Amino acid sequence: MSQHATEITHRLVSTPGGRIHLVEQGSGPLVLLVHGFPESWYSWRHQLPVLAAAGYRAVAIDVRGYGRSSKPDATDAYRMPALVEDNVAVVHALGEESAVIVGHDWGATIAANSALLRPEVFRAVALLSVPYAPRGGPRPSDIFAGMGGDEEIYISYFQEPGRAEAEIEPDVRGWLSGFYAAFSADTMPAPEAPDPHFVSKGGRLRDRFPAGRLPAWLSEGDLDVYAGEFERTGMTGALNRYRNMDHDWEDLVAFDNAPITQPSLFIGGGQDASTTWLAAAIEAYPVTLPGLVSSHLLDGCGHWIQQERPAEVNRLLTDWLAALPN
């Protein structure tokens with residue numbers, strides 16, 4: 001590995017919504033890495049040096065509302081088209097015309113929509129954990145309100161400004177450790193236990209989190225990094241992504257049932273509800289992702305896929321990148 005490939009550079013670049021903080025490593029074709037909830041650029045710590053060593057310019061951002069990036073006050077400042085334009089602005093600020101985009105969790109949805117809305121900028125897309133499901137069907141809030149019976153799915157629980165913040169912010173570190181553990185393969189509750197995706201009436205999301213053990217992929221130091229960022233910024237910017245699902249549904253009406261045609265890759269965890277609940281979306285890939293190069297489910301892996309199984313994810317990413325047309 002060259003000395004240049006080992007160096008990590010932090011930068012702030014201007015975007016239409018303010019500034020985006022990014023971490024850059026390596027040189028070569030640009031690969032833009034977009035994290036999910038509740039994470040940061042640090043979620044890609046295992047990918048940055050490997051991509052750099054493989055000959056790529058790896059760039060991991062703090063999504064708008066997270067970390068050192070701008071955090072607009074208005075809830076609707078976190079609509080999907082705005083986040084797509086942040087990604088376009090990052091590419092151009094780095095002096096590039098195009099990039100491969102890779103996303104995890106909400107970042108996968110942001111990456112998919114970046115490829116969909118701005119195909120001239122994003123020439124290929126890799127999705128981790130959350131499959132591509134084209135815009136369509138009923139209003140998202142109506143779908144989620146109908147799930148869980150007497151219980152409330154976490155996505156609905158996050159909708160009211162201030163409600164989830166009141167649960168999380170008094171003990172950010174403890175809440176994050178439980179949330180990460182709840183959806184990691186080695187620490188998630190047993191199948192017969194109450195589902196941590198749901199909240200009972202009058203309860204809290206954390207009531208169903210595992211207690212007392214961190215997942216193997218998360219050290220105390222890693223948890224300190226995540227907790228330190230959210231203790232400084234608060235949770236509202238991150239939660240505002242959930243609060244714009246209906247806006248996205250309205251904003252993307254012109255892309256109803258639209259396929260993503262660029263070369264694509266999907267990697268999911270075999271024990272991740274994102275892949276089981278959205279199994280139909282994966283089955284629809286021949287129609288929705290006609291440029292799909294390969295799709296992979298990693299046995300015994302939970303939701304935090306690039307941190308739970310970094311070696312496998314890195315191999316799949318670098319093999320896919322190497323086969324892309326220049």
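Q: In this predicted model, which residues does S264 touch, not counting residues up to four places away in sequence?
A: The model is predicted. Leaving out residues up to four places away in sequence, the contacts of S264 include V125 and W320.

Q: Is S264 buried or exposed?
A: S264 belongs to strand β9, residues 264-269. Buried means under 20% relative accessible area. The relative accessible area of S264 is 0%, so S264 is buried.

Q: Which strands stand at the edges of the open sheet of eight strands?
A: The sheet has the order β1-β2-β4-β3-β5-β6-β9-β10, with mixed pairing. Two strands each have a single partner strand, so one side of each is left without a neighbour in the sheet. These edge strands are β1 and β10.

Q: In which sense do β1 and β2 pair?
A: Strand β1 (residues 8-15) and strand β2 (residues 18-25) form a hairpin with two residues between them. V13 stands opposite I20 in β2. Eight bridges join the two strands, and the sense is antiparallel.

Q: Which residue in β6 stands opposite G103?
A: Strands β5 (residues 99-104) and β6 (residues 122-128) run parallel and are joined by six bridges. The residue in β6 opposite G103 is L127.

Q: At about what angle does α16 run to β9?
A: Helix α16 has 14 residues, which should span 20 Å at 1.5 Å a residue, and its end C-alpha atoms are 20 Å apart, which agrees. Among its buried residues are L317 and W320. The helix lies across β3, β5, β6, β9 and β10, and its angle to β9 is about 170°.

Definitions and conventions: Residues numbered from 1 in each chain as written. Predicted model: local features only at pLDDT ≥ 70, side-chain atom pairs only at ≥ 80, totals over all residues. Heavy atoms only, no water. Helix = DSSP H or I, 4+ residues; strand = E, 2+ residues; numbered from the N terminus. Buried < 20%, exposed > 50% of the residue type's maximum accessible area, 1.4 Å probe, protein only. Contact = heavy atoms within 4.5 Å. Expected span 1.5 Å × (residues − 1). Pairing = 2+ DSSP bridges. Axes fitted to C-alpha atoms, helices over the stretch in contact; angles between N-to-C directions.
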